[in-house]
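These are my notebook entries on a few local features that I looked up.

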Amino acid sequence: MKKITVRLTLVFLISLGIGCRSLKNKNKYFDTKEKEVYIDSMMNNALEKGFFPGAQIVVGSKDSVFILKNYGYHDTSKKQLVKTDNVYDLASMSKVLGATLVAMRLVAEDKINLKDKLGEVVAVYKNTAIADLTLFELLTHTSGLKSGISFYQSLLSTTDGSPLLSNQQSAGYPNSFDVMYVNKNIVYDTKYLVFEPKENYVQIYKNMWLNPEFYKTVYGRVALANTNPRGNYLYSDLNLILVQQMMEAKTGITLDQLAKEIYSELGISKIGYNPLKWTSEENVIPTEIDNFFRKDTIKGFVHDEAAAILGGVSGNAGLFANAASISVICQLLLNNGKYQGKQILKAKVVAAFTKSPLAKKGIYRGLGFDKRKPDAFYKKSDFGHTGYTGTFFFLDSNNNKFLIILTNRVNPSRTNILLYKDNFFQKIWKQINNY
């Protein structure tokens, strides 16, 4: 399998804004060559077995980048090699690199408080069953909200009233979607969806615009989604969607604008929501062939359906980035909120968000950040996040190392879970983080 190796030069490092201390200033205990040989072996094996079409990887520390490499292709056609400037759909890594990063800034500036209650901040949830949920509960996934709601499916129906999906393939259900098969007679709800631009409608795909009146339905369903015990851990996309709404209500500024302010201060430009507004379609790595909702190979628009319904800017998903840009954020976090001499985030806020405040209850989650109960792969000091599309980044605050791996394992289908069965990410993280 052909691959591209990107050799970093000092000029390239400076242009990316990734610390000026070059590869020569490696940690004396970190054997870059040994790690690179291991990563090459893992990546080439994964490509050969079809874990994903291609990938980007960065390994670094708080002040250096040791390895930055690209592997494979944009998709299974193998026509376009992965390049450093290409951006991947980060999926749930957006929860941290978008919404949580903004929350850290706003908390530090006293523009929002972890004790703030949803119903007191976002008017639409006042006097609802979830009005008393706090920002802290939402960020730690202890709100009791169900894991998610397939809002988009209420925009679909069939001409004869038969089910949208079947677990059996047949003439009436010819095309696959996840482990199901799609009804060939699906129609869209034209009360809410149109297929040409319309004033005040929200673009949710390249040929789809949504009537914003639909959001009343969305908010109503979210308000009834507290179906689990409050205070217990249950990971939910809804939590970070509500965090987004709280922050936007407090500031009067949209999430994408709030995030962009931080990215601009860091000097990174290959990261953001709705990538076709800031990069070319050629630079965007495609995700799934969607036979159900969008009837297309998704490229340049968010894969996650909930984030799509929200116009591509969502607390739960929607960010696109290359690994090099994410490496700058990793260095920011490992340097206690400081980057290139500038304090971007308050050190005490970084510390608070990346610890496990509920560990005594057996909940190891950080504030927004994914943390794990220490095991063969993860340490107490590790934090980061993963993404459904096949993305991963983790950092260790004790030894100041980080690993970023971006793939599009959902191309051509989300049914491809080979990398999860193999503990692919965890194996590489263990190799990087133990020496």
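This is a predicted model: local features need pLDDT of at least 70, side-chain atom pairs count only at pLDDT 80 or more; totals for chains, interfaces and linings use all residues.

I take helices (H or I, at least four residues) and strands (E, at least two) as DSSP runs, numbered from the N terminus. Residues are numbered from 1 along each chain as its sequence is written.

**Entry: Thr279**

I located Thr279 in the loop between strand 13 (271–273) and strand 14 (289–290). I scored burial by relative accessible area: under 20% is buried, over 50% exposed, and in between partly exposed (1.4 Å probe, protein chains only). Thr279 counts as buried because its relative accessibility is 11%. I then looked for contacts (heavy atoms within 4.5 Å). Beyond the neighbours within four places in sequence, Thr279 touches Val87, Lys270 and Val284. For polar contacts I required a pair of N or O atoms within 3.5 Å; within protein, one must be able to donate a hydrogen and the other to accept it, and residues adjacent in sequence count only through two side-chain atoms. The side chains of Thr279 and Asn283 make such a contact, at 3.2 Å.

**Entry: helix 7**

I traced helix 7 over residues 237–251; its 15 residues reach 22 Å from first C-alpha to last, close to the expected 21 Å (1.5 Å times one less than the number of residues). At its start, I found a side-chain oxygen of Ser236 within 3.1 Å of the backbone nitrogen of Leu238. After the helix comes Gly252, with a positive phi near 75°.

**Entry: helices 2 and 13**

How do helix 2 and helix 13 pack, and at what angle? I read an angle of about 175° between helix 2 (residues 32–49) and helix 13 (residues 424–433), with the axes 10 Å apart. The two are therefore roughly antiparallel (an angle over 145 degrees). Their contact includes Tyr38, Met42 and Ala46 of helix 2 and Phe424 and Ile428 of helix 13.

I also checked Lys33, which lies in helix 2. Lys33 counts as exposed because its relative accessibility is 56%. Its C-alpha is 9.2 Å from that of Ile67, 34 residues apart along the chain.

Note on methods:
Side-chain values use heavy atoms; hydrogens and water are left out. Axes are lines fitted to C-alpha atoms, for helices over the stretch in contact, and angles run from 0 to 180 degrees between N-to-C directions. Angles under 35 degrees count as roughly parallel, over 145 as roughly antiparallel, 65 to 115 as roughly perpendicular and the rest as oblique.
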